[in-house]
Amino acid sequence: MSMQVVSINVATIGNLFVNDDEGMRRIPSAYDKRGVAGAVQVRQLGIVGDEQADRNVHGGIDKAVYAYPLEHYAFWQERRQAATRRDDALPYGALAENLTMTGLTEDAVWIGDRLRIGSVLLEVTEPRQPCFKFNIRMGFAQASKLMWQSGATGFYLKVIEEGSMEAGDAIVLLPGVRNETVAEFSERRRTRRQPDLF
């Protein structure tokens with residue numbers, strides 16, 4: 001399968017809503033990523049037009065861009081339908097990713113690998129650790145735990161060279177040191193501790 005960006009997704013900060021013991025609460029989030037047409041500019045802190053509500057856990061230099069394999073979408077479609085009985089298709093960006101891509105899954109990408117997309121150079125830094133917002137977005141309480149346990153996390157990217165990219169661009173993989181794949185990194189982290197999922 002060719003390595004390609006299928007969709008580039010951005011969002012500004014809005015609200016997610018959760019109904020719990022404290023009643024209905026609004027939670028600031030830029031989770032509602034939507035696909036954009038045409039070229040986007042990518043800067044050191046991410047894609048121009050994209051925001052992060054909490055840069056302690058998302059965003060910043062080492063988590064400037066979040067990539068997610070399209071190959072996992074069928075898995076999430078099936079799990080969401082089983083949990084919520086919703087059968088509408090998940091749109092690109094549904095996993096809060098900036099880049100929906102094909103041909104690069106967690107077991108085929110190594111920490112430190114670089115990706116050339118358009119005129120942008122990105123470096124793989126770490127897998128995503130899901131939080132409770134993912135549960136809200138997917139509509140069932142075990143979504144974050146399922147992402148964590150399945151290893152279908154996607155991965156964060158650091159911007160090495162700023163530039164522009166657009167959906168449809170090919171991805172050129174430039175191997176790094178290759179000590180550990182994203183999948184192996186996730187497994188090591190899982191055996192150490194569980195993240196704060198809820």
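I take helices (H or I, at least four residues) and strands (E, at least two) as DSSP runs, numbered from the N terminus. I am working on a predicted model.

**Entry: Arg178**

I began with Arg178, and with those element numbers I place Arg178 in the loop between strand 13 (171-174) and helix 4 (182-192). I looked up the backbone there and found a phi near 65° for Arg178, which is a positive value in a residue other than glycine. The relative accessible area of Arg178 is 30%, so I note this residue as partly exposed.

Ala96 sits in the loop between helix 1 and strand 8 (99-102), and because its relative accessibility is 13%, I count Ala96 as buried.

For the largest cavity I have a volume of about 250 Å³. Its lining comprises 20 residues, and those closest to the centre of the cavity are Ala30, Lys33, Gln52, His58 and Ala96, which brings me back to the loop between helix 1 and strand 8, where Ala96 lies. Sorting the lining of the largest cavity by residue class, I get 8 nonpolar, 5 polar and 7 charged residues.

**Entry: helix 1 against helix 3**

For the helix pair I looked up the two axes, and I find that helix 1 (residues 73-84) and helix 3 (residues 143-150) have axes that come within 12 Å and cross at roughly 145°. The crossing of helix 1 past helix 3 is right-handed. On the side of helix 1 the contact is made by Phe75, Trp76 and Arg79, and on the side of helix 3 by Ala143, Leu146, Met147 and Ser150. By class, I divide the residues of this contact of helix 1 with helix 3 into 5 nonpolar, 1 polar and 1 charged.

**Entry: Thr153**

Moving on from helix 3, I looked up Thr153, which is found in the loop between helix 3 and strand 11 (155-161). Is Thr153 buried or exposed? I count Thr153 as buried, because its relative accessibility is 1% and the cut-off for buried is under 20% relative accessible area. Leaving out residues up to four places away in sequence, I list Tyr66, Tyr68, Glu106, Pro127, Arg128, Met147, Val182 and Ser186 as the residues that Thr153 touches.

Notes:
Residues are numbered from 1 along each chain as its sequence is written. This is a predicted model: local features need pLDDT of at least 70, side-chain atom pairs count only at pLDDT 80 or more; totals for chains, interfaces and linings use all residues. Side-chain values use heavy atoms; hydrogens and water are left out. On a 1 Å grid over the protein atoms alone, a cavity is a set of points where a 1.4 Å probe fits but cannot get out, and a pocket is an open set with protein on both sides within 12 Å along at least five of seven lines; lining residues have an atom within 4 Å of a point. Grid points are joined across faces, edges and corners, and a volume is the space filled by probe spheres set on the points. Ala, Val, Leu, Ile, Met, Phe, Trp, Tyr, Cys and Pro count as nonpolar, Asp, Glu, Lys and Arg as charged, and the others, Gly among them, as polar. Axes are lines fitted to C-alpha atoms, for helices over the stretch in contact, and angles run from 0 to 180 degrees between N-to-C directions. A crossing is left-handed if the near helix is turned anticlockwise from the far one by less than a right angle, and right-handed if clockwise. Contact means heavy atoms within 4.5 Å. Buried means under 20% relative accessible area, exposed over 50%, partly exposed in between (1.4 Å probe, protein chains only).
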